[in-house]
Structures are given as C-alpha cells and as structure tokens.
Amino acid sequence: MRALVVGQYGPPEVLQLREMPDPQPKAGEVLIRVKAIGVNFADLLQRMGIYPKTPKPPFVPGLEIAGVVEKIAAGGTLPEGLKLKPGDAVAALMVYNAYAEWAAVPLRQVYRLPAGMNFDEAAAMPENYLVAYHSMFTMGNLQEGDRILIHGAAGGVGIAAVQLARARGLVVFGTAGRLKQDFLRKSGVDHPIDYEKSDFVEVVKKYAPDGIEMVMDAIGGKSFARSYKCVGPGGRLVVYGSSSAAGPDGKPSWWRSLWTKIETPWFNPRKLMGRNIAVIGVHLSRLHSRGGLLRGELDEIFRMYSAGSIKPVIAKKFPLAEGAAAHQYIHARKNIGKVILSVK
C-alpha cells in the first residue's frame, strides 16, 4: 500500500509517500480500504514531534478514516449494537497509521455510517464532533440557554461545537480571524469575536459580567488563563489542545513549545472550589478504552446528522500524495472547516 510517512520530525515537507506492507488484521480487528482521511491539528503536532507520546520516526500519522470493510479477522467479538460485514461503509478512530490506503483497526473503534453520509463527511466527523459533544454534554452537562465561548469557531472542532450548540439552544460566543467573521455570523454565532482586534475577555464580560457557563480552548499557554477569566460560578473551562506550541511555518520550535508550557497556568483546587468552577481536560485518543461511551455519543451525533441538525463543513480536499500541502494549508490558517485527504 501507499502511505504518508513522517521520516523525521519537521515541517510539512518531511511527509513522504512510501510503499509499505499491507496491514494484516489480528483477532478483534477489521481491515478497511481507506477512501478519505480527516486531517486534524493533532496530526500536525505528531509530524513535529510535540504531540504526547509521538513515536520515533519513521511512522504514519493520523487519527481518523472513512472507508469500506474488506475483512473482519476471526476471533474477535463485535461491540454491542454493531453489525458489520465486508462491503459496509464505516468510519474509524485511530491513534496513528491513518495516512494510508489500508488500515487495520480494533472493532471497538469502528462505526457504521448512517444512510446518506459520504466518505468525506464521515472522515470529517468522528474526532471533531466527538471532542465537542463529549466536552459540552457528557463532561460539561450544558443545558438549553447556557452560554459558551468557542475558540477557533471556524475550525474543525469549532464548527462542530457551534453546530451542536445551536442544535441544543445554547448562546454562542466564537473567536476567529478577520477573514472568517462573515462565516461565523452565517453559521449562527451570536457574538462573533475578531481576535485580531478585540479582547475576547472584554467581549464576554460585556454581555455576561458574572461569567459564562463554558469556554472551549485548544490554544493553550496564556490563553487558558484568560479563558478562565470568562467562566462564572458553576462554569467549566474545557482544555483539549495546545495549538500555540506550533508556529505558522510548521517548523518544530522547542523554544515555542517550552514557552507555551511555561505560560500554561496551574489551577489551584482550593480556588476552583471557592469559585465553583471546573477545569475539564479532554484527550479523545485516551478514551478508546471507553468504547461504549464513545459509541453512544457518536450514535447521537449520527442521529443529529440524519435529522439535518448538523452537517460537517469541508474546507478543502487534497490527494493523499499532497499531504504536505494539506498540512501547510492548516498552518497558514486558511481552512474554514475540515481538511480531507482523498484516497483513490
């Protein structure tokens, strides 16, 4: 098979298209012919070597795929509620090894697609919508009328969070750059914030002097501390990434990564208790052992898709061989929505 390999940590150009042995599924795994691959910011951090527990090169990056079941290895047990056979269209969550023409995936991480969902949409949904749904409703227990600030509201997780918030009747604050403000307004963000010219803390406090119910922050560093200022009694700060550790050129910078860690605040449990505030950490790749939980969440997400309440936004598609260009496109913050790698 062909696969995109990180030959060494570095900028997007280190991604190399190589011939590799086809994966052989073991007991409890399914072999999938990949049709589309979702590109996540975590993939960029993997390529730079600053994602938690990134393997040493060479390795194949990537977290999610969509494709067709080729083979189900003998000896495994299907998760409750999953009916699967060769030829079925599926999406799958992975930890690595997504940027390839074939993938062997544990059955607990495979999901049948609902009717009408194409492979591009399927590759755009699991990571982004599960992070948003798990943060907002499983961990955060948001209710109709609650207020949420979503950083990067024109990105993959951001758009998913905005759509889920609108479907559940939340009031939405959203940040993005100047060129993406029209998109925020059209997508239903109640309070679009141009982070290039406005202080998001001041905007939130203008409309909610006592603070809001949730902030979703994947920027990291000092942004966590400033987002914390927006949360009021009973509120939650959700942290699920650290994009500030990566520069716009896509080159690894140990100084930038270190400085992001230095600027990351420490949250004192006594102060959290005194303010009635929760800080919630979400790392989807560390939740695969809770397969039943994620399956229930994605089942609900797929039901909302089938009902027309949510729909992924595809920013741009790149052939598998142009993975480096796809990564640079995201580093340059050009994407509104999900970037997809297409596999022929």
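## Starting with R147

Is R147 buried, partly exposed or exposed? R147 counts as partly exposed, because its relative accessibility is 26%, and the range for that label runs between 20% and 50%. Keep in mind that this is a predicted model.

R147 has a partner. Its side chain meets that of E213 in a salt bridge, with N and O 2.9 Å apart. R147 sits in strand β8 (residues 147–150) and E213 in strand β11 (residues 212–217), so this pair ties together parts that are 66 residues apart in sequence. E213 itself is buried, since its relative accessible area is 17% and the cut-off for buried is under 20%.

E300 belongs to helix α10 (residues 291–306), while R168 is in the loop between α4 (156–167) and β9 (171–176), and the two are 132 residues apart. R168 counts as partly exposed, at 29% relative accessibility.

Now look at helix α5 (residues 181–186). D182 and R185 both lie in it, 3 residues apart, which is about one turn of the helix. Their side chains meet in a salt bridge, at 2.7 Å from N to O. R185 is partly exposed, with a relative accessible area of 48%.

## The wider picture

What links K85, D88 and R112? These residues are joined in a network of salt bridges. In total, the structure holds 12 salt bridges. As a general idea, side chains of opposite charge can pair when their charged atoms come close.

Terms used:
Residues numbered from 1 in each chain as written. Predicted model: local features only at pLDDT ≥ 70, side-chain atom pairs only at ≥ 80, totals over all residues. Heavy atoms only, no water. Salt bridge = Lys/Arg side-chain N within 4 Å of Asp/Glu carboxyl O. Helix = DSSP H or I, 4+ residues; strand = E, 2+ residues; numbered from the N terminus. Buried < 20%, exposed > 50% of the residue type's maximum accessible area, 1.4 Å probe, protein only.
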